[in-house]
Amino acid sequence: MSYSLVIFDWDGTLMDSTGRIVSCLAAAAADVSLPALPPERLCSIIGLGLFEAIRDLYPEADDALVQAMRDRYAVHFIAAEAQPSALFPGALETLAALRGQGMQLAVATGKSRRGLDRVWGSTGLGKWFDSSRCADESRSKPHPDMVLELLAELGHAPEQTLVVGDTSFDLEMAERAGVDRVGVLYGAHPRERLLAHRPLALLEQIEALLPLIAARRLSVQTKSDQMESGVSVDGSVQR
């Protein structure tokens, strides 16, 4: 089948917010006297829900300390969002092109619902999406529930769906949900981590998603035409 639904991660995939997340994590850790960690370590947990991310970074922290760091992170991030992060170049044009082709779009993000609603409210970007799932209303990535819930809500089969993300958590979520997946190389996780989950492609820029989807549509149409004409996909004549 051709793709009819594309599910995007948000931070690091559509919005250029990775650096802001790292700096806010570092500031929150300092506020609650947790040890400083290198930026690459902080970057490694982007994509998880915030609770799961802090637990991964600081396994020695008890629940009260995790909550305290979550609260301080929210303070720093909300303050930083007075100046919204920019979309990556080509992101808006890609969303518009996909919608123009009649595709449905959704978001599966490690942000909270309040966080996603806040950024959508300040930027007006929510209009591009038919639905979304956040880490505080579903299971955190890499569990497949976000994808499975979106498929059920929007009425798409796994084979009609493509997930696009910048982290191994995005791609593992898609893999466990049985849907195709594409990684982007300009976000939080390096190529090696993305390749572990067998993406269809790794993109240097988000606009490269459009020819990939077009090629899938052409392949499906070609196979359909061959079947209708009595020619198999390997070129033999069906009798």
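## A positive phi at Ser 33

Ser 33 is found in the loop between α1 (18–31) and α2 (39–44), where helices (H or I, at least four residues) and strands (E, at least two) are DSSP runs numbered from the N terminus. Its phi is near 65°, a positive value in a residue other than glycine, and Ser 33 is exposed, with a relative accessible area of 66%; here buried means under 20% relative accessible area, exposed over 50% and partly exposed in between, with a 1.4 Å probe and protein chains only.

This is a predicted model, in which local features need pLDDT of at least 70 and side-chain atom pairs count only at pLDDT 80 or more, while totals for chains, interfaces and linings use all residues. Residues are numbered from 1 along each chain as its sequence is written, and side-chain values use heavy atoms, with hydrogens and water left out.

## Other backbone exceptions

Most residues other than glycine have a negative phi, and most peptide bonds are trans. Arg 198, in the loop between α9 (191–195) and β6 (201–203), has a phi near 50°, which is positive in a residue other than glycine. At 60% relative accessibility, Arg 198 counts as exposed.

The peptide bond from Lys 141 to Pro 142 is cis, with omega near 10°, and Pro 142 lies in the loop between β3 (131–134) and α7 (145–154).

## Overall form and surface

The protein has ten helices and six strands. Its radius of gyration, taken over C-alpha atoms, is 19 Å, close to the 18 Å that the globule rule (2.2 Å times the number of residues to the power 0.38) gives for 239 residues, so the protein is as compact as a globular protein of that length. Along its principal axes the C-alpha trace spans about 75 × 35 × 30 Å. Of the 239 residues, 49% count as buried; among contacts (heavy atoms within 4.5 Å) between residues at least 6 apart in sequence, 64% join residues at least 24 apart.

## Surroundings of Thr 109

Thr 109 belongs to strand β2 (residues 104–109) and, at 1% relative accessibility, counts as buried. Leaving aside neighbours within four places in sequence, its contacts include Asp 9, Trp 10, Asp 11, Arg 133, Cys 134 and Lys 141. The C-alpha atoms of Thr 109 and Ser 132, which are 23 residues apart along the chain, are separated by 7.9 Å. A polar atom of the Thr 109 side chain lies 3.0 Å from the backbone nitrogen of Lys 111.

## Surroundings of His 189

His 189 sits in the loop between β5 (180–184) and α9 and counts as buried, at 3% relative accessibility. A polar atom of the His 189 side chain lies 2.9 Å from the backbone nitrogen of Ser 168. Not counting residues up to four places away in sequence, His 189 touches several residues, among them Cys 43, Ser 44, Ile 45, Asp 166, Thr 167, Ser 168 and Leu 194.

How values were computed:
A polar contact is a pair of N or O atoms within 3.5 Å; within protein, one must be able to donate a hydrogen and the other to accept it, and residues adjacent in sequence count only if both atoms are side-chain atoms.
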